[in-house]
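Dear colleague,

Please read them with the model open beside you.

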Amino acid sequence: MRVGSDNAIVPDASAEHPLIQPHPEDQPLCEQSAPIEASAAFRVMDGYTAKVLTRDVANPRKIVLDTANHLLAVSGGQAIYSIRMDKCGNSESVPILTSHQLDGPIEFGLALYDGHLYVGTADAIWQYPYVDGQHSPLAEGTRVVHNIKGTRPDVAIDPFGHAYIPRTTANGDVNTEAASRDAIIKRFNFRAVPSDGYDFETDGEIYAYGTNVQGAMAFDAQARLWGIDAPFEAFRRADLGGDIAPMGLAEEVNLYEFPYKNYGYPYCFTEFDLSSFTESAKGKGAQWAHPVFMNDSVNMDTYCQQEENNRRPAVPLFPESHASSIYFYMGTFCSVGDLDTMGTSVGMPCNWTDTPIVAYHNTNRVVHLPFDDLGHVPRWDKEEEVIFEAQSDIAPVGLAVDAFGRLIVSSDNTNEIFMIQRIYSEKAHQALTDKYDAHERAQEAKEEAKERALAEEKGIDVDDLP
């Protein structure tokens with residue numbers, strides 16, 4: 001499968017023999033010349049290791065990798081940093097754009113498309129000429145979108161040049177007309193930007209309604225847009241047990257697959273588990289009405305349960321996790337193996353291809369969300385796989401994967417950027433082949449024994465069997 005503007009090859013996660021890198025000379029097996037001590041204890045999933053890539057970027061938020069395996073990071077409110085790194089994890093960080101060059105603090109949005117870097121403030125998206133691997137200050141930029149008036153808006157650009165920009169409410173007050181007006185994602189054509197740029201208020205098209213997007217959005221292999229919608233802060237519904245927020249409420253991963261759909265905010269909310277509050281609980285993913293909008297003329301619970309009014313989330317997330325980014329792993333330098341063989345490369349597992357990784361800011365975790373290989377749909381019944389977890393102030397925000405398949409995670413609270421990789425074994429390929437062959441031989445022997453037993457029951461001479 002080929003994906004994106006650069007026709008990158010994406011391995012089939014369900015294939016018996018997925019695309020992997022077998023040669024040890026291709027693996028980044030060297031160590032940093034001067035290892036950096038982490039600010040707090042953390043753990044990674046079995047079979048993986050992690051290290052601090054840099055602590056030179058203040059308040060790092062969204063991060064992106066260019067095709068030269070060069071990392072760019074938003075330093076919240078301050079700058080864009082270029083992080084030049086080698087395969088061993090040695091890095092050098094320099095600012096290439098500062099907020100005083102723009103119309104306000106650099107908030108969150110960051111994207112690469114067609115030789116340009118796009119940077120977001122609270123009110124605008126700016127475009128800068130960019131060369132992959134650039135480690136020098138950006139040339140003068142152009143404002144391509146203005147009048148956003150949002151809260152840390154992201155920008156995500158698909159392979160066709162469509163830019164998606166959310167506008168999000170700044171607080172939990174839903175009893176205003178602005179709450180529903182602002183809860184949108186708009187789509188703009190970045191292949192043909194007007195000379196004076198787009199006005200967010202009047203230009204573009206509303207792609208999704210009823211969203212309350214936070215953090216980084218992402219595309220899957222089909223170029224479908226995904227994002228995280230923030231939950232409500234607190235409210236009371238007497239008929240559901242009183243003060244049910246926030247522990248009964250789910251955060252949401254939403255798939256914005258089709259245009260012009262409504263995702264319910266601020267009229268509806270998603271249950272994670274209300275069973276401790278009320279006998280009326282319907283279970284994870286159930287849709288309910290926000291009490292502000294309930295009245296005698298319309299059954300708002302029924303309204304919220306109808307797909308044409310409110311699309312359910314693709315994945316309800318654990319309450320109070322404050323998910324900050326979603327990122328789809330595309331199988332880069334992917335690895336197979338187990339704890340006996342270790343991995344065939346330092347990259348993430350091949351069966352994670354085209355499935356999401358999510359950063360949880362409040363619960364100090366990075367997780368992989370399980371998907372069904374055949375239908376490519378989320379599996380709510382399966383537990384998240386915890387990739388990275390800290391016990392202290394380390395608060396994951398941004399996610400990216402480098403050219404070696406290593407997962408990169410930014411932590412804004414501690415000014416750290418981490419690199420996570422699988423433990424590689426040069427013998428993994430042979431060990432896995434031997435295990436597969438042994439399994440095949442055992443299966444064949446089992447089938448043969450079954451056939452012979454059946455023949456003997458029927459009085460057939462087993463020596464006459466083929």
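**The sheet and the domain contact**

In this predicted model, five strands, in the order 13-14-15-17-23, make up an open sheet of 5 strands with mixed pairing; strands are DSSP runs of E of at least two residues, numbered from the N terminus, and two of them pair if DSSP finds at least two bridges between them. Its edge strands, each pairing on one side only, are strand 13 (156-157) and strand 23 (261-262). Strand 13 runs antiparallel to strand 14 (residues 162-167) and is joined to it by 2 bridges, and isoleucine 157 has alanine 163 in strand 14 as its bridge partner.

The domain assignment, which is automatic or from a database, gives domain 1 (42-230 + 322-424) and domain 2 (426-465), whose C-alpha centres lie 49 Å apart. Contact (heavy atoms within 4.5 Å) involves 9 residues of domain 1 and 6 residues of domain 2. The two domains bury about 560 Å² between them, 66% of it on carbon and sulfur atoms, where buried area is the accessible area (1.4 Å probe) lost on being put together, summed over both parts. In domain 1, Thr341, Thr344 and Tyr424 lose the most area to domain 2, together 73% of what that side buries.

Between the domains there are 0 salt bridges, meaning a side-chain nitrogen of Lys or Arg within 4 Å of a carboxyl oxygen of Asp or Glu.

Residues are numbered from 1 along each chain as its sequence is written. Local features need pLDDT of at least 70, side-chain atom pairs count only at pLDDT 80 or more, and totals for chains, interfaces and linings use all residues, while side-chain values use heavy atoms, without hydrogens and water.

Best regards

Technical notes:
Helix = DSSP H or I, 4+ residues; strand = E, 2+ residues; numbered from the N terminus.
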